[in-house]
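The following paragraphs lead through a structure, beginning with a single residue and widening to its surroundings. Please keep the sequence and the coordinates at hand while reading.

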Amino acid sequence: MSGRPRTIAFAPGERNIFLHLLTACNLACHHCYINREQHGTATLPIEQAERWLALLLAPGKANNLVLLGGEPTLHPDLARAVRTARRLGYASVTIDTNGYLFHNLLDRLAPDEAVLSFSLDGPDEKVNDPLRGEGVFTVCTANIRQAVALGFTVSVIYTVSRRNIDHLHRMAPLLVDLGVSRFFIQVIGLRGNASTGGDALQLTPEEWLAVVPTEAARAAAQGLEVIYPKVFLDADEPFQCAGKVAENYFVFPNGRVYQCPLCEDYPIHSFSIKGDRLVENPGLTEKRFFSLTIPEGCVMHKLLQADNIPYDAHGQPERRISCCLLKNRIPPG
Ligand code: SF4
Ligand code: SF4
């Protein structure tokens, strides 16, 4: 077995920008979290994306950028956006991709310009493709191999649901073989299709706790850096809402800027970008929820999925739900 999981504390002096360059995608994943009713179908023109990157950068802080979609590699100027972010001073740039790497991305970026984070939801096509689409496993793993061979740092995100939790233990050998260095285990979200899907994808706390921490440690022992959501706080751990103590901005091409990803299905974003200025929104926004203190921990989780919070005979929550942005990390064994 490998090292113990450590909580990755929210770091003051760090700002994380999650910029959705577009909402379009070539796939239609079962658990897709993109909500086009809320966030539109626009693609950010590159000049506008560059102005927003400059606007969102906080001088003097460690600024990390994640470029997302939809599928961000469908954006014809993705490589230019990466380069602009680097020139502006972003400390790291990560591209979250479904693996298709459109527009010959690997030929247009140098390996030290961006980390590539691939989504893969199964250790073979039988598990992955019913969730993400026919043929996706083959394309995604071939492109991971190619990216690793070219010298890119590659991570993989596995979204755990009822449909693939029994196959989590088979991921580490595959990722080691592919040359992946970081393994992100993600919990199926409370957003988009996953929140409304007819066939229950959501896990109970017992299902998550019975499998994920153990499998994360096993994967780390096989040489992967493993990062997974905390989900439940230990009795002695303080609850912290990232909306209050961290700087995360989730930015959509229609100009909405959220601080909490669980709020993204609702028009309660804290900020909007209007005329290339970041403007705080008045009225009932997500910020009002961040300041509420409840025994269950995360207010948004309580509002969106009260059913999976267990209570004792005195009506007290048996476990507190952590902020969805709080992660555990286990170093490679
Ligand atoms: S790859 Fe991402 S954006 Fe595309 S359908 Fe799947 S979850 Fe949605
Ligand atoms: S997930 Fe909960 S705790 Fe985290 S930012 Fe959102 S409301 Fe706050």
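In this predicted model, Gly 69 counts as buried because it has 24 C-beta neighbours inside 10 Å, where 20 or more are required. Gly 69 is placed in the loop between β3 (62-68) and α3. Leaving aside residues up to four places away in sequence, Gly 69 touches His 20, Leu 21, Leu 22, Thr 23, Ala 24, Cys 25 and Leu 74. As for a position elsewhere in the chain, the C-alpha atom of Asp 307, 238 residues apart from Gly 69 along the chain, is separated from that of Gly 69 by 30 Å.

Which residues are found around ligand 1? They are Cys 25, Leu 27, Ala 28, Cys 29, Cys 32, Ile 34, Gly 69, Gly 70, Glu 71 and Asn 98. Sorted by class, the shell around ligand 1 comprises six nonpolar residues, three polar residues and one charged residue.

The second ligand may be described in the same terms. Ligand 2 is surrounded by 14 residues, of which the closest are Cys 241, Cys 260, Cys 298, Met 300 and Cys 323. By class, the shell around ligand 2 has twelve nonpolar and two polar residues, and no charged ones. Three helices, α10 (242-245), α11 (286-290) and α12 (299-304), each supply at least two residues of this shell; α12 gives the most, with three residues.

Attention now turns to helix α2 (residues 46-56), in which Ala 49, Trp 52, Leu 53 and Leu 56 are buried. Viewed down the axis of α2, these buried residues fall within an arc of 105°, so they line one face of the helix. The elements against which the buried residues of α2 pack are β2 (14-20), α3 (78-88), β10 (247-251) and β12 (271-274).

Finally, the strand pairing around β15 connects separate parts of the sequence. Strand β1 (residues 6-8) runs antiparallel to β15 (residues 327-330), and three bridges join the two. Within this pairing, Thr 7 has Asn 328 as its bridge partner in β15. Strand β8 (residues 225-229) is likewise antiparallel to β15, to which four bridges join it. Here the bridge partner of Pro 229 in β15 is Lys 327. Strand β15 is therefore joined by bridges both to β1 and to β8, under the criterion of at least two bridges for a pair.

Notes: Residues numbered from 1 in each chain as written. Chains lettered and ligands numbered in written order. Predicted model: local features only at pLDDT ≥ 70, side-chain atom pairs only at ≥ 80, totals over all residues. Near = placed C-beta within 6 Å. Nonpolar A, V, L, I, M, F, W, Y, C, P; charged D, E, K, R; others polar. Buried ≥ 20, exposed ≤ 12 C-beta atoms within 10 Å, placed from the backbone. Arc of directions from axis to C-beta. Contact = placed C-beta atoms within 7 Å.
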